[in-house]
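Reader: I am new to this structure and would like to learn how to read it. Could you walk me through it?

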Amino acid sequence: MTAAEHYAARVDAVLAQRARLRGAEPSGDLYGNLEPDHPLLKADPRRPLDANLKALADLIEPSDAIVDVGGGAGRMSLPLALRCRSITNVDPSASMGAAFLANAKAAGISNVDLVQGDWLAADTPQGTVALVNHVTYLTRDIVPFIEKVERAGSRRVILTVNAPPPPSWNRVLFQIVHGEAEEVVPGHAELMNVLWEMGRLPDLTMLLAQNVRYIVPLPSRAAALAFAVQRVANEQWAHWPVAAAFEARTRATVEQHFDDLYAHGADNFTPRWISMGREVLITWQPGK
Ligand SMILES: C[S@@+](CC[C@H](N)C(=O)[O-])C[C@H]1O[C@@H](n2cnc3c(N)ncnc32)[C@H](O)[C@@H]1O
């Protein structure tokens, strides 16, 4: 098996398991149900740069036109818009796109543009830097995807993934609820193997844990239960409503394992099963 075939096989295994356990992915906007204050949707573009975002910003030049592939609501690229010529976000999600434009407007940022569409189907915007943050985990056709990314970023490609990958952050809970091991999406190792197979020699840097509000103490047992049910439902990025029977069964299992799953504070409960790991920066100069 080639590295690209292995990558596709990982994605296929995840999608097959997800379809069996959670049903088929509904058509429409996959991110349409995110709560409005979800960290992917709400991030102030003018916030001070954390160490991970600074590592990306250090690779940007003021004259750069950045193509943000799957840029979502601009969590990563809008702070960079303040440090470069322009940002073009290519993303199929209407809700992410609307949040991107709203976040830019609220921050007084006007050098941004949105193309609503799938990366492989969209016309390739011509930029100097291609930015790809947390998009590749379920990208089955990874080689054409990367080749197109390179065409969009003539000077540099900047790509980040997380280790472990976010769609598989809840694998411990998944195993308890479903009684089987989770199929895990491809991450940095599988991606590096594909890039090496393509003859690319990227730099890889292990950054810190992502600065997102994900492992937060829950204020009540009811909130902790609801959080765990939601995490199981959304694992493997199944971001769609749950059936009542699935919810009831998951809730009952979480109840049963509650004391193992949560660290009890004086007045809160903190999930024990999630390991955020570290963000991984992969970057290279196309053609060099
Ligand atoms: C986890 S979000 C990350 C968003 C943003 N890059 C960030 O780091 O905050 C993944 C994004 O990738 C987008 N996406 C997924 N598949 C895509 C594709 N084939 N082409 C373009 N965007 C895609 C989704 O719509 C979503 O907005």
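Author: We will go through the sheet, the strands, the cores and a pair of helices.

Author: This is a predicted model, in which local features need pLDDT of at least 70, side-chain atom pairs count only at pLDDT 80 or more, and totals for chains, interfaces and linings use all residues. Residues are numbered from 1 along each chain as its sequence is written, and side-chain values use heavy atoms, with hydrogens and water left out.

Reader: In what order do the seven strands of the open sheet lie?

Author: Helices (H or I, at least four residues) and strands (E, at least two) are DSSP runs, numbered from the N terminus. Two strands pair if DSSP finds at least two bridges between them. Here the order is β3-β2-β1-β4-β5-β9-β6, and the pairing is mixed. β3 (112–116) and β6 (203–206) are the edge strands, each pairing on one side only. On average, neighbouring strands of this sheet are turned by 20° against each other, direction ignored. Such angles run from 0 to 180 degrees between N-to-C directions, and axes are lines fitted to C-alpha atoms, for helices over the stretch in contact.

Reader: Which strands pair with β1, and in what sense?

Author: β1 pairs in the parallel sense with β2 (residues 86–91), over five bridges, and also in the parallel sense with β4, over three bridges. A65 stands opposite S86 in β2, while V67 has A130 of β4 as its bridge partner. Further along, β2 and β3 run parallel and are joined by five bridges; there N89 stands opposite L114 in β3.

Reader: Are the residues of β1 buried or exposed?

Author: Buried means under 20% relative accessible area and exposed over 50%, with partly exposed in between (1.4 Å probe, protein chains only). In β1, five of its five residues are buried. A65, V67 and V69 point one way from the strand, and I66 and D68 point the other way.

Reader: How many residues does the largest nonpolar core have?

Author: In soluble globular proteins, nonpolar side chains tend to be buried together. A nonpolar core is a set of buried Ala, Val, Leu, Ile, Met, Phe, Trp, Tyr and Cys residues joined through side-chain atoms within 4.5 Å. The largest one here has 37 residues, and W119, I146, V149, L159, L191, L195 and I282 have the most contacts inside it. α5 gives the most to this core, with five residues. A second, separate core has 21 residues, including L56, I60, I87 and I109.

Reader: What does α5 lie across?

Author: Contact means heavy atoms within 4.5 Å. α5 lies across β1, β4, β5 and β9, running at about 135° to β5. Its buried residues include I142, F145, I146 and V149, and among the elements that cover them are α1 and α7. α7, in turn, lies across β5, β6 and β9, at about 10° to β9.

Reader: At what angle do helices α6 and α8 pack?

Author: Two packed helices are described by the angle between their axes and the distance between the axes. Helix α6 (residues 171–178) and helix α8 (residues 221–234) pack at about 90°, with axes 10 Å apart. They are therefore roughly perpendicular to each other, a term for angles of 65 to 115 degrees. L173, V177 and H178 of α6 make the contact with A228, R231 and V232 of α8.

Definitions and conventions. Parallel < 35°, antiparallel > 145°, perpendicular 65-115°, else oblique.
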